[in-house]
Amino acid sequence: MIYIRNGRVIDPKTGTDGVMDVVVDGGTIIDMGTGLEAKYLSGSGAEKGTDASSGVSVIDASGQIVAPGLIDVHVHFRDPGFTYKEDIQTGARAAAAGGFTTVVLMANTRPAVDNVETLEYVIGEGKKTAIHVLTCANISVGMKGQELVDMELLKAHGAAGFTDDGIPLMNAGLVRQAMEEAVRLNLPLSFHEEDRTLIADNGINQGAVSDALGIGGSPAMAEDVLVARDCMLALHTGAVVDIQHISSGTSVRMVEFAKHLGAPVVAEVTPHHFSLDETAVLQHGTLAKMNPPLRTAADREEILRGLREGIIDIIATDHAPHSAEEKARPLTQAPSGIIGLETSLALGVTNLVRPGVLTMKQLLEKMTINPATLYHLEERKGWIGVGADADLVIFDPDAIWTVETFRSKASNSPFIGESLYGRVTHTICGGEIVYQG
């Protein structure tokens, strides 16, 4: 049993926001409120972390926030095929350190997750970790965009959703087929929206910075045209579609319009896209290269509006580990992507909550109950209440820490050396303390 004392409990689903105690036993939240000490603690040794006579572990969360365990619907753990970058065990440890208790893996592995054998391998490795590791399967066979996988079979073997993230789907007819099947199976689809025929050099926004560097770059229109297509296909099919890692201000407005029309579209944004703009490439080089790229300050402002007004529903890291050797290549040759699990919450606190873009409850909504709902986990995950799963994060929103080292195998982050607000002190998953900082 774990007794969490005097924390500020914030739960976006129920609207809870107050100082109280939370009691965890057997993987479930069994009680919460004030005046519970007499019921669960004898008092002997409780101030030191363990109540001696009852054997209860006591966490003093005074001055800290107790929130639902964070849920990330967009991570790459590179396993199988690229485990020199990351593997499921190291990725899970990085997630726990960042306050995440549930993650959803993308399927662009080698082999791809387009078959039962690979799917069951990933799920099996995930069960060996201390957190909840779910995985998507691919939409198309071999991620070639030509033939649908057997979505029903893969769902039956545990696929949480479907995506070809990393490779955009260019065949609109295939996308419509996938949406119709996803509606039948009641699972979400996630789309990486970049028309590569419009891109000269991926990873860098086409604009002032790419011009200064003499690079062709990737224009916002490459994202915009596929976002528009898939929003309209979602409207007509009724499929629940996640527009991944949105970066363009125009795409934010298109999602807003699609929602107004009634399309069941959700949008996610990464911490790097709400924290940085294209000028970060001049300072950080390949550590600021990602797909889609960091765009203009005006695009970033529209992303902030989208977050503030609820157009963007989810914050997801797109945790994308690469080796130091790979990121040391020239800008046009280095792979795109950065890690993000261990800095995500702090970037939200620092760049969204403290400047007043979002309240703390709104930030947590986009990192807990909204992603839980997308993947049909909301019955027991993504919220705090009696009967909910004991997946929790405890963090100090006022503690300042410097980004230096990582639990991930990789360290490809433009935020190294930054001082951020919001330090995770405990992550609890399934009623067990899986990280203590």
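This note sets out points on sheet pairing, ring contacts and cysteines in a predicted model.

1. **The parallel sheet.** Three strands make up an open sheet, ordered E7-E8-E9, and their pairing is parallel. Strand E7 (70–75) and strand E9 (132–135) are the edge strands, each of them pairing on one side only. On average, neighbouring strands of this sheet are turned by 20° against each other, direction ignored.

2. **Strands E8 and E9.** Strand E8 covers residues 100–105 and runs parallel to E9, to which 4 bridges join it. Within this part of the model, Val 104 stands opposite Leu 134, a residue of E9.

3. **The E2–E3 hairpin.** Strand E2 (residues 16–25) pairs with strand E3 (residues 28–33) over 5 bridges, in the antiparallel sense. The two strands form a hairpin with 2 residues between them. Gly 26 lies in the turn and has a positive phi of about 60°. Asp 25 stands opposite Thr 28 in E3.

4. **The aromatic pair.** The count of aromatic pairs comes to 1. The partners are Tyr 3 and Tyr 40, with 6.3 Å centre to centre and 55° between the planes, and the pair is tilted. Tyr 3 belongs to strand E1 (residues 2–11) and Tyr 40 to helix H1 (residues 37–40), so the pair ties together parts that are 37 residues apart in sequence. Tyr 3 counts as buried because its relative accessibility is 0%. Tyr 40 is also buried, with a relative accessible area of 14%.

5. **Charges over rings.** The charged end of Lys 13 sits over the ring of Trp 383, at 4.3 Å from the ring centre. A further case involves Arg 354, whose charged end sits over the ring of Tyr 421, 3.5 Å from its centre.

6. **Cysteines.** How many disulfides does the structure hold? The number is 0. Cys 231 is in no disulfide, and the nearest cysteine sulfur, that of Cys 136, is 18 Å away.

Methods. Residues numbered from 1 in each chain as written. Predicted model: local features only at pLDDT ≥ 70, side-chain atom pairs only at ≥ 80, totals over all residues. Heavy atoms only, no water. Disulfide = S-S within 2.5 Å. Pairing = 2+ DSSP bridges. Axes fitted to C-alpha atoms, helices over the stretch in contact; angles between N-to-C directions. Phe/Tyr/Trp six-rings, centres within 6.5 Å; stacked < 30°, edge-to-face > 60°. Buried < 20%, exposed > 50% of the residue type's maximum accessible area, 1.4 Å probe, protein only. Lys NZ or Arg CZ within 6 Å of the ring centre and 35° of its normal.
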